Amino acid sequence: MTAAAKRSLLAGLRWTSLRLRLVVVFALVALTAAVSASGIAYWLNREAVLTRTQDAALGDFRQEMQNRAASLPLHPTKDDLQNAAVQMASSSPGYSVLLVDKRDGDKPIVGNSNLDTFTLDNVPLSLQQQVNRKQPADAGNAYPYHLFWQRTSIRGTPYLVAGTRIIGGGPTGYMLKSLDQERQDLNSLAWSLGIATGLALVGSALLAQAAATTVLRPVQRLGDAARKLGEGKLDTRLVVSGTDELADLSRTFNRAASSLEKKVADMSAREESSRRFVADMSHELRTPLTAITAVAEVLEDEADSLDPMIAPAVHLVVSETRRLNDLVENLMEVTRFDAGTARLVLDTVDVADQVTACIDARAWLDAVDLDAERGMMVRLDPRRLDVILANLIGNALKHGGSPVRVAVRTDGDELVIEVRDHGPGIPEDVLPHVFDRFYKASASRPRSEGSGLGLSIAMENAHIHGGDITAANSPDGDGAVFVLRLPRDAEELTRTARDRGAEARDEEGDAT
């Protein structure tokens, strides 16, 4: 699987992704609609099935009571009631019949079609009371007795129980109709509706996925293009098709990318031109400066034999020539950093020997206290370390005053070099700018002995090693402290940079 495909898959699985939210919303809407529709359909079918079965059973029971129970003698025997109940049940659509009459002393006589399934105990007491209650006859009620029914459950099985009484004298009849078949039918309907709901949910998820793929693919392409643009690939463009809002957004992105590419190209051209001008100017200045420096050195040697009125001018020319030479060298170094052509030439060195050599070469041994143990071996660029130390120690001697203390130690995988002076310290408003190029601490002092690039060059050399330099005032208020931190093995940095470059090229190849 390519890196681009992996990123696409992981983006789709994130809980905060638009794709997942779209699928969830579609699923919730479909689930709500399906459950609502299934619930309404189940309720309507349930009522229709039960009402149809109930009406058929009650209508037949009423007709049988009129045809058979009403034709019994005024005081029927138990056999008469039993025969009538059996006849009524045999012609009924699957219900049992119970006929009840009374003799002297209110002793009940019962006849039923099936003694095992239907007895008077199966009839709810409330229904018996309602059936036997005589209603007053008036304009709104022509009959004293009516047919009443009730749904009940007997040993877990649903039943319809109904009862009525013969008007004008006669037995009271009850019927018991099982609703188990209707319950099974309704359960089958519920399962069917549940399966339909599940299929609707799956279908909605698939539909949401298709919609998300259709809608979000252009958004994902736009995101990938924006990421590449942010990584500096300014030639990135989107393929535009269609006339919808996303197509308009893609066209706007392409226009913005083209404008940005043009502006960056113009700025890069101007910056390159400026760098080339500085480099060419510095290079061209070196030839006359070499001649001027040679003449200045001759004049400096002869200064003591010159007229006392001319000697100060000679010393000034020599000093300014050296300063100009340092400035040209620093400008050329800065130009190499800006152009990205500065490279490390690594070597394994003893830090104590390297610092001692830097101090000795500049005759600073009497003004610098060195605290460094021999045997601390590091892998770095010795020339660039020398430039860093020369700038830090020279700055401390020039602005802070001696004695300057240089302490060298290791901290894990880092080399730490601390340069401390005993001067007035650095003003708080100047601290954030000490490594800026040509920064002047005071506008009233535009001129200084240095080039204004030394600390900036030291910081660039630290960065190219993968390190850093910090500046602060001593906690006890006695001078400034510069701390240089470098990796003990700068080759790790160059190896990591090569690996990252290879990975970037692989990803670019996968994307294409």
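The legends below describe close-up views of a predicted model.

Residues are numbered from 1 along each chain as its sequence is written, and side-chain values use heavy atoms, with hydrogens and water left out. Because the model is predicted, local features need pLDDT of at least 70 and side-chain atom pairs count only at pLDDT 80 or more, while totals for chains, interfaces and linings use all residues.

**View A. The largest nonpolar core has 37 residues.**
A nonpolar core is a set of buried Ala, Val, Leu, Ile, Met, Phe, Trp, Tyr and Cys residues joined through side-chain atoms within 4.5 Å. Buried means under 20% relative accessible area, exposed means over 50%, and partly exposed lies in between, with a 1.4 Å probe and protein chains only. V406, I417, I469 and L484 touch the most other members of this core. Two or more residues come from each of several elements, including helix 8 (351–361), strand 9 (404–411), strand 10 (414–420) and strand 12 (480–487). Helices (H or I, at least four residues) and strands (E, at least two) are DSSP runs, numbered from the N terminus. Helix 9 gives the most to the core, with 7 residues.

**View B. I417 and the residues that it touches.**
Contact means heavy atoms within 4.5 Å. Not counting residues up to four places away in sequence, I417 touches V351, L385, L389, V406, A407, V408, F482, V483 and L484. Another core, of 22 residues, lies apart from the largest one; M65, A69, Y95 and V97 are among its members.

**View C. F61 and Y95 form an aromatic pair.**
A pair of aromatic rings is described by the distance of the centres and the angle of the planes. Rings of Phe, Tyr and Trp (its six-membered ring) pair if their centres lie within 6.5 Å; planes under 30 degrees apart count as stacked, over 60 as edge-to-face and the rest as tilted. By this rule the count is 2 aromatic pairs. The rings of F61 and Y95 are edge-to-face, 6.2 Å centre to centre, with 85 degrees between the planes. F61 is in helix 2 (residues 18–67) and Y95 in strand 1 (residues 95–102), so the pair links distant parts of the chain, 34 residues apart. F61 is buried, because its relative accessibility is 0%. Y95 is buried too, with a relative accessible area of 4%.

**View D. F435 and F482 form an aromatic pair.**
These rings are edge-to-face, with 6.1 Å from centre to centre and 85 degrees between the planes. F435 lies in the loop between strand 10 and helix 10 and F482 lies in strand 12, so the pair ties together parts that are 47 residues apart in sequence. F435 counts as buried because its relative accessibility is 16%. For F482 the value is 3%, and this residue also counts as buried.

**View E. E64 in helix 2.**
E64 has a relative accessible area of 10%, so this residue is buried. Not counting residues up to four places away in sequence, E64 touches A69, M88, S91 and Y95. The C-alpha atoms of E64 and Q87 are separated by 9.0 Å, and the two residues are 23 residues apart along the chain.

**View F. R362 and D386 meet in a salt bridge.**
Side chains of opposite charge can pair when their charged atoms come close. A salt bridge is a side-chain nitrogen of Lys or Arg within 4 Å of a carboxyl oxygen of Asp or Glu. The structure holds 12 salt bridges. Between R362 and D386 the N to O distance is 2.9 Å. R362 lies in the loop between helix 8 and strand 7 (368–371) and D386 lies in helix 9, so the pair ties together parts that are 24 residues apart in sequence. R362 is partly exposed, at 31% relative accessibility, whereas D386 is buried, at 18%.

R251 is partly exposed, with a relative accessibility of 31%. D248 is partly exposed as well, with 40%.

**View H. E418 forms a salt bridge with R420.**
The closest N and O atoms of this pair are 3.3 Å apart. E418 counts as buried, at 18% relative accessibility, and R420 as partly exposed, at 22%. Elsewhere, salt bridges that share partners join D411, E414 and R485 into one network.
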